[in-house]
Each structure stands twice: as C-alpha cells, then as structure tokens.
Amino acid sequence: MLYPLVLIALAAAPFALVARFAGRDRIAWGLALIPLAIFGLTLAQAGSVWEGGQVVERIAWVPALGLDLSFTLDGLSLLFALIITGIGTLIVGYAGHYLATDNGLGRFLAYMMLFMGAMLGLVLAGNVLTMFVFWELTSVTSYLLIGYKHDYADARRGALHSLLVTAGGGLALLVGLLLLGQAAGSYELSDILAAGDVLRAHALYPAAVVLILLGCFTKSAQIPFHFWLPGAMQAPTPASAFLHSATMVKAGVYLMARLSPALGGTALWDVTLAVVGGATMTFAAIVAMRQFDLKAMLAYTTISMLGALTMQIGLGGKYGAEGVATNILAHALYKSALFMLAGVIDHECGTRDLRRLGGLRAYMPRTMVITALALLSFGGIPVMFGFVAKELMLEAALETELGAMLSTLAVAAIAVTAGAYLITGWRLFSNTFLGQRSVAAMQQHITDPTPGMLIGPGVPAVLSLIIPLAFLGPISSLIGPASAAIYGKPLEVKLALWHGVNTALLVSLGAIAAGAVLARFGEQLANLRGWPAWMRGDMIFDRLIERTLTGATTLTRTIQEGRLRRYILLTALALLVFVGVPFVGFGISSIRFDLDPQLQFYEILAAALIPVGVIATINARTRLGAIIAVSVVGAMVALLFVLFSAPDLSLTQLLIEVLSTVFLLLVFSVLPVRFENFSAAWVRRRDAIIATAMGFLMGGLVLATATNDAFAPLAPFFLENSLEKGKGANVVNVILVDFRGFDTLGEITVLFIALLGIYGLLRLRQGKDNVAPERVTTTEPAAEPVDTKR
Amino acid sequence: MIILLAIAIGALFGGATYLVLRRSVVKLILGLILLSHGVNLLIFTMGDGVRRGAPPLIDASGQPPAGVADPLVQALILTAIVISFGFTAFVLALAYRSNQAAGSDDLDDLSTTDRL
C-alpha cells in the first residue's frame, strides 16, 4: 500500500482550504492528522522492510511506452517517508498558530499538502521516470510555497530563483536519467541498481553522471548553485522549516544516495561529491557564522549540512552510508526545531534580526530551553543526537578509500565546520536570549507562545536528546536498512554514544574547544568585511536573467523590426542556408542532364518566354507594362500545361488568368501610373543576388528531385479506381469531386472567405469615420469606377 | 523537357523573391502572382513524371491507361490555382484599400503596427 500514501496527501490538498475559517489553530491541528495518518500507515509497513525485504507496487501507466508508475519502499525510502510525514505533522499544526491571523492559511496548507504528496512520491518512486515527475512537482509546489507572500517583490524573486535553478537542474536531470536508463536497459530503479558494473563501464556513464549531478547539486544547493536557498527564506517560516530541514533540498541528497550503489565507486562520482560537498559544507558554515538574520543563519547552515551529506556519499564506505542516514535524521530533527523556533521568536518579537533581539530569557523561558536543546544537537555536543551523527561523519572521513590527502582534507573541513557551527549556535543563542533586553523587544509585551505553537519545535528538539539516551536501539533498526540501501550491501548498524577514545572523538573535542574559545569573538568575526555585493550568487543570477532578457529583446527587435521585406529576406536567407548549403554539398551530384530528343521548338519558346516575362515584370516602369508582362507569364504557364498533358489545368489557368488581369487593371487604376524605386541601389543589387541564388536553388532542386524515383507514385491507385469507384473517365475531375472531395470543399470555403473579405474591404470605404477625410477625397474619383463595375 | 520546367521554375522563384523584397505594394503583389505560378509548376514536376500528349483520361475501353500523366498532382494544382486566385484577389482588394487609407504605395508607410 504505497501509492495510496501519495494519493492521500495530494487528495487532502483541497480539504486544507477549510483552514480559511476562524479557529485556524485548531483546524490546522485537525489537518495535521492527515500526515500523521500517512506516518502511521508507513510505519505499519516498516516491518517487512526491517525483515530485509522491500514493498514493491506497479501500476501500468503508459503501457505502450513501457512506462509504469512503480513504487518501492525500502530502508532509505522508509527513513525519508517517516521524516517527511513526521515533521510534516508538526509543521502543519505549527502553521495554524504561526499564520493564525492570515486569511490565506487554507491556501498555504493546500500547497503544503501538495508538496508533501510530491515529496512522498519522489522518495517512494521505484522508477526513475516516476521519480522525475514527482521531482518536478516538488519544484513547482515549492515555488508556490516560497512565493506565498506574493505581495512582496523579494518573495517573488526568491521563488523565481528557486524555480529557475531547480527546474533548470531538473532538465539536466531528465536527460541524465534517460541516458542512465539507456545504459542500464531499464528505467526501474531495481534494475538500475543491479546493473552497476555495466553502467560504470558504459560509454554514456560520464555524461549521465554529470547531468544527474547537475540536477542533484541544483536541488540540494551545492556550490555554485547555493544562492537560491537563502533567497527561498522569503517563504513563511513553516514552509522554510519543512522545505529546508526535511524535504525539498534533501531530494538531491536522496537521489545521490539512492544511485550511489550503481554509480559510485569511480573517481568521477566519489571525488566530485567529496570535493563539492566538502567545499559547500565549509564555505556555507563560515558564511552562516557571520549572518545577522536568524533565518539566513539557518539557511546557510542548511546549505552546509547538505554539503556534508553530499561529501559523505562521496567518501563512501560503511561509515559514509551510516553517516548519511544518521545525519539526515539528526539534521531533520534539530533544523526543523530551529526554523520553527526562529518563527516563534519572529512571531513574538516582530523581528528576527540578531542586532535587535536580546534578553529574552526572562520572557520566553520555555522557548529558550527548547532552543538550547536544538542548538546543542546542531553543535554536535556530546550526548545529543547531532553528536552521534557527527562522529559517524568523522569516521567516514577517516576511513575513506579516496586516499590520505582527501581524508585529511575532509577531517579538517569537518573540524572547521564543527567549530563554525558552535560559534553560529552561540551567536544565535546569546544574541537572542542573553544580554540586555533590546529596545525593539521592550516595545512589545513578549511572552512564550501558546503551548500548541511550542509542540512543533519541542517534539523534535526533545527527540534530539532522548533518542541517543534511550532509543538508539530502535533507531538503529531504522537507520540500518537505510544505510544498507546507500551502501548497496547488507549492513549491520549499531549506533552508539560511546565508541571509546578514538581519533574521531579527539577531533570532535578539539573542534568543540576551539569553537568555544572563538565563540567569544563571534560578533567581531561577524562584523569583518565580507566580499562585495556583485560577487553574490543571487546578484550574478539576476544579472544573468536580465542579460538573457535583453538579448532576447535585441534579437526579436532585429528579426521582427516591422518591415515585411526584412522577414522575407531572413526567410529566404534561412532557406538558402539550410536547404541550399546541404544541396550544394550533397544533392548537386545527383542532377542528371538527359537531353530530350523529342524536344520541340514551341516548347522551348513557351518555357523561354517565362524568364523573359519575369524580367519584364521586374523592369516594368509603368503599371500597364507590368500587367502585360505578368499576363504573358501566366499564359505561358497555361501553354506549358497544355503541352505536358494537363488540359484541365490549362483551361482553369487561362480562365483565372483573364480574371486576374481584369482585377489587376481595376485595382492598379488607383495606384500610381509609374513605379518608382524606393530602395537604394545597393539594396536592389543585394536582393538581386539573393533572388538569383534562390532561382538557381529551386531550379536545381527540381532537376534533382524530378529525376529521382525514391518514392512510389500514388497515381496508379487513382487511374485504376477512377472509373470503377468514381464513375468518371476524367481522372483529375474524379479526384477533385470524389477521392479528395473534402479538399474541394475546403477550397470553396477559402474562396468564399476571400470573397467576404474583399466585399468587406470594398464596402468599408463608405464608413466615413474609418478613413482620414482628406485621403478619401483624393482617391474618390479614381475609386469610383471599381464600384460601379462590381 | 524537365530542364525547361526547371529553368521556368527557377526564373519564377528568383523573380518572385526579388519582387517580394521590394518596398512597393504593387511589386509585392506581382511577386506573389509569380510565386504562385512557380509553386504550381513545382508541384507539376513532383508527380509520376512529366509526359507529352498523355492526359490522365480513361478511354472507351474502360481499361486504366498506362503511361499517362500523374492525375494527382494535376488535381492538387487545380485546387492551388483557384486558391491562389482567391488569395490574389483578396490581396489586391487589400492593396486598393490601404492605398485609399494611407495614400501611399510604400510599405514603409504601413509598418507602424508591427513594430516591437
């Protein structure tokens, strides 16, 4: 029972709209029962996963394409599904309090449910294409969540950045997944995971890896795509807490972890992940340390932790796999708590600027205790769950098979990051709860929020303490299968608080000590000059978008500059390039000159009069000359039809030619008697060259194709069936009225519409307000005969 | 004889291209007329060969004739001739009308609506 889990969340979205009504906090907790129910249903299926199996379901989706909607629940999916629904439950309830005064709460919770459904689909998908659909759905729904406060320009900008970056990465991912499926011969995850050796030796492997990683790095905000994540902090805090602790940004990590048994083990995969992840982790930790906005601080620590997870997947090995699984859970717990607490502080004090907060310990004691717990876990202080996770990360760095240099670098990076986390945590705590009560805080009556609002952050914060003390056994049985799925082989996991005195513990303690010492100088570090604004990723990205738009506008202005002849010129040039160049290259050799012995002189005469008529039309200085010249051409075309076995065409052509000439005479009578040259001489020369090239190209194409019998003609069918089925001896006529009767109907319709148009155009003349009066008077005498003759 | 048609088609397309690139409305229309002749002849060469004195008619014996011209392309061209006439007539009416409204034969005087 897997796809119902996804369906429940998606189907619940419309019901969330009831949260528009009053009593929003209670309604929200009621709605929180939906994710809680999914949590329970997922947990009910955990037994079969823990026994070493998988739950697999498959629905035929597009059978003709061999595309199935398949779902799989294994250790890794289970861990993610429980985190998504567990944290989701708390966040939905919390949002009811946070947005209690906002009429849009219903809309917000509907987005949340949709997002949750997409995320569940992503982690439960058993087929990479199914997964991709949900992957894109998370991009779209997170766009709605981030842009929820769409009245604010910053919210719109943040939402757009996240959408462009993650959906752009999604495109790369799609191509990567298709290559992967081609190489593996199947799009089912189980087949792909089983085909690891084939994949790594396949020619498509490097391209597939690069494209998939591009998708994962953009989604999980790795350098250099990290900038969208702080911008996404424009979302209401409950959305930030959900997107950035447990879900959206972990999607990239999930996919890398999921595919690492199949794609990992090569230098390309392992070293890229370790280096990019390590760099992101360290860089973002240092940036986080220097922030003044609570949420920005948390955003950068989130980027840092995503880097840490990516790095551990790259470092690989038993500890790498365990470290990834454990850190995902530990981070989800403390980070969701911290985000929700930032929301509480923002909600109560009206600001989340560290410079304007302070001294809240006397007013918000409960909030302070919960924050302290979450921060201790975040800082990796012993006995907290974050400490257990950090030890595994250090073990992964120490035990990696990527060589001594990368191992040392990774350990150093983790130590620096751990120190920076401590400083960040201390700054967050001391600036908020300790010290003098700030001026901003004094203007309001500040208290702890209602208990309902503290449940959200309280549960995960307390779990961060209780799990390592009492529940490491049960949690190990959750982490174990998840680690095994990342590792690709069965794995015995026993999490422990105390591993004895080892290198990891010493490094960890050293980092804590250094961090504790440096934390005293936290504010000085924060106030050091940063790099200039133009180097910031979001600015660069903004300019990139701006340039793209300017470029597109310039291009459009060049192509669509308002003059018909420019369009025709570009079309002709495009034809000459795209048809002419290949034709000269490949087609010209297939032209055969067979001199026809039966060639008659009157045939030559008729054909030769056509170029003569064309040139006369071009050179005509008077309208009458032009009409005569163009009529000669039409008459010669009719003659050619007669000579080459098409009497019906000839008759029609002659009839039409007469009519056209009459029309031309009528209409040209209002036009100037003599033609003038509007264009400059050089333009005319240029056009003449293009026109000549065009003429030679078309003539050449005729010679090349007419002597080519690559396609069987349709003619025999009509010749055989004309008399029998169409009851007519003139095959052309039978085709027109019988075999292709609908064509003729269409033709009649076109003529009728043209007639209506002509009628309308000529009648319009009488609507005096449509036409500038002085123009009417000047053309009136000349126009008169047209009307009378019609 | 295909060479004759190739020369005629080349001349029609070349001349039409030159004329539709002009600024004058009149020349544009003349170009369109030449272009439709060119296209009709082009379709004419696309069928089952071009033949002399063998129209696609079934004689009194009722047997499908062999070696006659391709009837399908002729049917297509017949439709095309009529439609291009309708089109030419409409464009002529439009030119008449625009000349009345703008008082000019120069396309550059009519280009304001399409400018970005």
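## Contact between the chains

Two residues are in contact if their C-beta atoms, placed from the backbone, lie within 7 Å. By that test, 98 residues of chain A are in contact with 83 residues of chain B. This is a predicted model.

Helix H31 (residues 681-706) of chain A supplies the largest share of the side of chain A that touches chain B, with 13 residues. By residue type, that side of chain A divides into 62 nonpolar, 21 polar and 15 charged.

## Overall form of chain A

Chain A has 35 helices and two strands. Its radius of gyration is 37 Å. The globule rule gives 28 Å for 790 residues, so chain A is more spread out than a compact globule. The C-alpha trace of chain A spans about 110 × 65 × 50 Å along its principal axes.

Of the 790 residues of chain A, 48% count as buried. Take the contacts in chain A with a separation of 6 or more: 78% of them join residues 24 or more positions apart.

## Domains

Chain A is divided into domain 1 (1-263), domain 2 (273-530) and domain 3 (719-790). The centres of domain 1 and domain 3 of chain A, taken over C-alpha atoms, are separated by 59 Å.

## Nonpolar cores

The largest nonpolar core has 204 residues. Those with the most contacts inside this core include A:Leu79, A:Leu109, A:Ile212 and A:Ala374. Helix H17 (residues 317-349) of chain A gives the most to this core, with 19 residues. Domain 1 (1-263) and domain 2 (273-530) of chain A each provide at least three residues to this core.

What is A:Leu109 in contact with, leaving aside its neighbours within four places in sequence? The partners are A:Ala16, A:Ala19, A:Ala28, A:Leu31, A:Val92 and A:Ala95.

## Helix H2 of chain A

In helix H2 (residues 24-31) of chain A, the buried residues are A:Arg24, A:Asp25, A:Ala28 and A:Leu31. They cover an arc of only 120° around the axis, so they sit on the same side of H2(A). An α-helix has 3.6 residues a turn, so residues three or four places apart point the same way.

What do the buried residues of H2(A) pack against? They meet four helices of chain A: H3 (33-44), H5 (75-98), H6 (105-124) and H22 (451-470). Two of the buried residues of H2(A), A:Ala28 and A:Leu31, are also contacts of A:Leu109.

Technical notes:
Residues numbered from 1 in each chain as written. Chains lettered and ligands numbered in written order. Predicted model: local features only at pLDDT ≥ 70, side-chain atom pairs only at ≥ 80, totals over all residues. Core = buried A, V, L, I, M, F, W, Y, C linked by C-beta atoms within 7 Å. Buried ≥ 20, exposed ≤ 12 C-beta atoms within 10 Å, placed from the backbone. Domains from an automatic or database assignment. Rg over C-alpha atoms; globule rule 2.2 N^0.38 Å. Arc of directions from axis to C-beta. Nonpolar A, V, L, I, M, F, W, Y, C, P; charged D, E, K, R; others polar.
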